[in-house]
Amino acid sequence: MLTTLLRDSRALATLAVPLVLTQLAQVALTTTDTVMMGMLGTAELAAGGLAIVIFNQLRTMGVGLVTSVGNRIAAASARAERATGTAGKAGDEGKGHAGGAAEHEEVRGIVRASMAVATLAGIAGAVLMILIGQALTWLGQDAAVVDRAQTMLIALAPGLLPCLWFQAIRQFTVGMRRPQALLRITLASIAVNAGLNWVLIHGTWGLPRLGLTGVGIATSSVYLLSFVALYVSAKRDSELAPLLTLNAAKADPATVRRLIGLGIPIAATYGSEAGFFSVTALMAGSFGPAALAAHTAVNQLVYIVFQVAVGLSHAASINVSRELALGRHDDARRIKNTALACAAAVMTVVGIGYLTLPRLILAPFLDSGSDQALTIATQLLIVTAFLQFFDCAQNIGVGLLRGLDDTRSGFRITLIGYWAVGLPAAWLLAYPLALDTLGIWLGLLTGLATTAVLLLRRYSDTLTTRATAHALAAP
């Protein structure tokens with residue numbers, strides 16, 4: 001049993017570790033923008049923050065539209081391996097990708113369709129971004145802040161297209177279990193982004209001084225350079241190059257519709273989760289600046305640690321798609337247990353840190369803040385030490401269901417967990433029961449725990465049903 005767990009853990013980690021590190025590097029990328037905007041002044045930070053919130057919301061939902069690409073690629077690749085009898089266990093890097101011609105054409109068709117979806121989403125998102133910017137004055141925002149935010153949104157809008165192209169190729173490389181270049185490119189983009197921000201903000205080397213607009217131009221430029229770098233890297237890979245095609249014009253309409261059908265619930269799930277946490281932030285703000293500062297600091301910590309869950313979820317999702325394509329239902333069932341065990345190990349270490357060193361962990365966020373904010377944040381960290389187990393488990397659950405091509409169940413269950421259970425619980429505990437910000441976080445814990453249990457149960461039930469049907473259909 002232990003030997004099997006260790007083997008499965010190594011197979012999962014082969015794919016998950018590069019993805020986790022890539023996610024953490026992307027957090028550093030957005031943090032760099034925030035730091036640079038803060039150097040320009042309070043008004044610029046407020047305007048830039050508003051623009052980035054709008055950009056990130058549309059970007060996140062656009063990413064959701066192409067997230068299922070990795071699962072489709074993994075399944076098609078596994079069928080190609082099975083066609084030639086070269087299929088190995090998940091995590092056997094570089095083995096068995098020389099499958100049949102029909103299966104390889106299926107992979108190429110998925111890549112073309114993913115580029116078509118990314119292009120459509122990028123164009124629509126860019127137009128919507130600018131329209132939202134024009135409507136900000138109707139939402140009660142300060143006129144000076146809106147003017148700066150609109151300018152930055154115009155600079156950010158073109159970057160959404162290469163950003164989603166990058167995500168489409170990223171899903172292709174992950175589905176083929178060759179994501180190593182992602183981390184190198186993302187790390188390099190942090191340095192390039194910081195340099196471009198500095199040059200364009202301050203107008204060095206004879207360039208015009210663009211201020212906040214320079215941050216938007218730098219971000220769009222980095223997305224374009226990252227896309228080109230990932231494409232070149234994939235083209236240099238002997239196994240990826242024959243399968244990578246950017247000709248979206250030749251995409252099969254049926255495949256495009258299939259990806260959009262799978263992607264819309266994922267995009268809605270991402271948007272729903274972001275909205276859930278946004279509403280709780282507004283609730284925390286009703287208890288004063290100290291409560292909102294504490295909520296913001298702890299929420300940022302949760303967001304950073306959450307990237308581990310994202311990497312594990314994506315890796316588990318890809319491996320489930322692969323194992324099911326190979327007809328290995330027992331292996332698909334073990335992936336759930338392995339992913340949860342790995343997540344529990346990481347969250348336990350982090351939780352111990354929260355409980356034993358709260359002031360040290362909160363120092364980067366609240367060192368110069370009020371004692372009241374620090375006291376509230378310390379209480380929230382106690383809740384977070386347990387909340388993060390469920391947060392990680394529910395994200396893994398969404399990924400596992402995605403591996404079954406069941407994205408709609410994931411969306412429905414998250415609606416129940418977040419909005420029907422979590423938000424009412426947060427309101428009840430925070431206001432009628434007078435637990436204030438602590439009550440909000442206990443409500444968050446309740447919602448995430450409910451979501452995790454329902455998602456994991458749905459996965460187990462669906463997998464059991466499919467395994468039974470597979471056994472009955474076997475000759």
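A: Cysteine 392 is buried, at a relative accessible area of 2%, where buried stands for under 20% relative accessible area, exposed for over 50% and partly exposed for what lies in between (1.4 Å probe, protein chains only). The model is a predicted one, in which local features need pLDDT of at least 70 and side-chain atom pairs count only at pLDDT 80 or more, whereas totals for chains, interfaces and linings use all residues. Residues are numbered from 1 along each chain as its sequence is written, and side-chain values use heavy atoms, with hydrogens and water left out.

The closest cysteine sulfur to that of cysteine 392 belongs to cysteine 342, and at 9.8 Å it is too far for a bond. With a disulfide taken as a pair of cysteine sulfur atoms within 2.5 Å, the count comes to zero disulfides. Cysteine 163 is buried as well, with a relative accessible area of 2%.

Helix H6 spans residues 160-175; helices (H or I, at least four residues) and strands (E, at least two) are DSSP runs, numbered from the N terminus. Of the 16 residues in H6, 14 are buried, so the helix is mostly covered. From its first C-alpha to its last, H6 reaches 22 Å, close to the 22 Å expected at 1.5 Å a residue, the expected span being 1.5 Å times one less than the number of residues. After H6 comes arginine 177, with a positive phi near 60°.

A search of the whole structure finds twelve salt bridges, each a side-chain nitrogen of Lys or Arg within 4 Å of a carboxyl oxygen of Asp or Glu. One of them joins arginine 178 to glutamate 239, at 3.5 Å from N to O. Because arginine 178 sits in the loop between H6 and helix H7 (180-202), and glutamate 239 in the loop between helix H8 (212-235) and helix H9 (253-285), this pair ties together parts that are 61 residues apart in sequence. Arginine 178 is partly exposed at 23% relative accessibility, and glutamate 239 is partly exposed at 24%.

Another salt bridge is formed by arginine 258 and aspartate 405, whose closest N and O atoms are 3.4 Å apart. Arginine 258 lies in H9 and aspartate 405 in the loop between helix H13 (371-403) and helix H14 (407-430), so this pair ties together parts that are 147 residues apart in sequence. Arginine 258 counts as partly exposed at 42% relative accessibility, and aspartate 405 is partly exposed at 23%.

Arginine 328 and glutamate 323 also meet through their side chains in a salt bridge, at 2.6 Å from N to O. Glutamate 323 is buried, at 3% relative accessibility, whereas arginine 328 is partly exposed at 21%. The two belong to a network of salt bridges that links Glu323, Arg328, Asp331 and Arg334.
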